[in-house]
Amino acid sequence: MGARVSRLLSWIIRSLWSYARGHAEIRSGSRAARRFARFGDGSAIAFPTATLYGEPWIEIGAFTVLGGDMTLAAGMGPDYDLGPGTVVRIGSGCAIGRGSHIVAHKSIDIGDHVYTGPYVYITDQNHSYANTEIPVGLQWPVDDPVSIGAGTWIGANAVILPGVHLGRNCVVAAGTVVRPGTYPDHAVVAGVPGRVVRTYEPELGWRPPLRDTGTPTRVPTPAAGPLPGAPEEPPQPGTPTRFPPV
């Protein structure tokens with residue numbers, strides 16, 4: 001009897017959790033979405049969220065998805081008045097991996113079609129340790145705006161520190177700690193601390209050159225067939241693609 005009750009309870013819990021994941025996410029047009037400065041059509045924040053506050057100072061574009069267990073925060077805590085204007089601006093067509101943290105106090109700009117792996121940490125504030133007589137946690141923090149250019153890919157467990165300005169279509173390798181500074185378009189950043197390991201010049205191409213390794217995957221399509229404009233064949237290595245098709 002005990003085993004049957006245990007299996008029944010397990011089934012009930014799994015069913016309730018599955019229902020919650022499918023129905024408790026924040027979607028455009030919902031009451032929760034209306035708390036944001038902007039929450040674009042087709043966008044969603046998956047359930048459950050880890051930490052969410054400062055919504056009136058957060059903008060999210062259209063067709064952007066933020067994964068579950070997300071920390072998305074503006075300000076030092078709930079109920080702070082951050083003044084006019086927004087603090088976090090996430091573009092359209094973005095996909096932010098589950099378990100990621102976007103913590104802003106001054107300004108974080110994320111462009112359109114930015115994709116990240118899971119557990120990425122992006123913040124515009126750091127602890128100050130200038131005064132050697134005061135514990136670091138009690139000193140006033142230092143803010144420095146962050147911007148991430150459109151089309152950028154950020155790998156799993158990467159850290160974007162305050163004062164980072166990534167150009168368009170940059171790549172940040174998994175586990176990289178990106179130091180403050182301005183990075184050009186198409187830069188590939190890797191390592192701890194992060195450094196530019198590959199760049200692109202229109203006249204010279206990629207430096208160092210790309211290696212033709214691996215097999216490109218097909219563009220995922222719904223069961224009803226490919227979306228308008230989707231390529232029928234996978235792209236050749238190194239060729240530009242547009243995904244998802246616009």
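Buried means under 20% relative accessible area, exposed over 50%, and partly exposed in between, using a 1.4 Å probe and protein chains only. The model is predicted, so local features need pLDDT of at least 70 and side-chain atom pairs count only at pLDDT 80 or more, while totals for chains, interfaces and linings use all residues. Residues are numbered from 1 along each chain as its sequence is written, and side-chain values use heavy atoms, with hydrogens and water left out.

**Exercise 1.** Classify both partners of the salt bridge between Asp185 and Arg168.

Solution.
1. A salt bridge is a side-chain nitrogen of Lys or Arg within 4 Å of a carboxyl oxygen of Asp or Glu.
2. Asp185 and Arg168 meet this with an N to O distance of 3.5 Å.
3. Asp185 has a relative accessible area of 34%, so Asp185 is partly exposed.
4. Arg168, at 43%, is also partly exposed.

**Exercise 2.** Classify both partners of the salt bridge between Glu55 and Arg35.

Solution.
1. The closest N and O atoms of Glu55 and Arg35 are 3.3 Å apart.
2. The two residues are 20 residues apart in the chain.
3. Glu55 is at 9% relative accessibility and therefore counts as buried.
4. Arg35 has 49% and is therefore partly exposed.

**Exercise 3.** Is Thr71 buried or exposed, and which residues does Thr71 touch?

Solution.
1. The relative accessibility of Thr71 is 8%, so Thr71 is buried.
2. Contact means heavy atoms within 4.5 Å.
3. Not counting residues up to four places away in sequence, Thr71 touches Ala50, Thr51, Ser100, His101, Ile102 and Val103.

How values were computed: Helix = DSSP H or I, 4+ residues; strand = E, 2+ residues; numbered from the N terminus.
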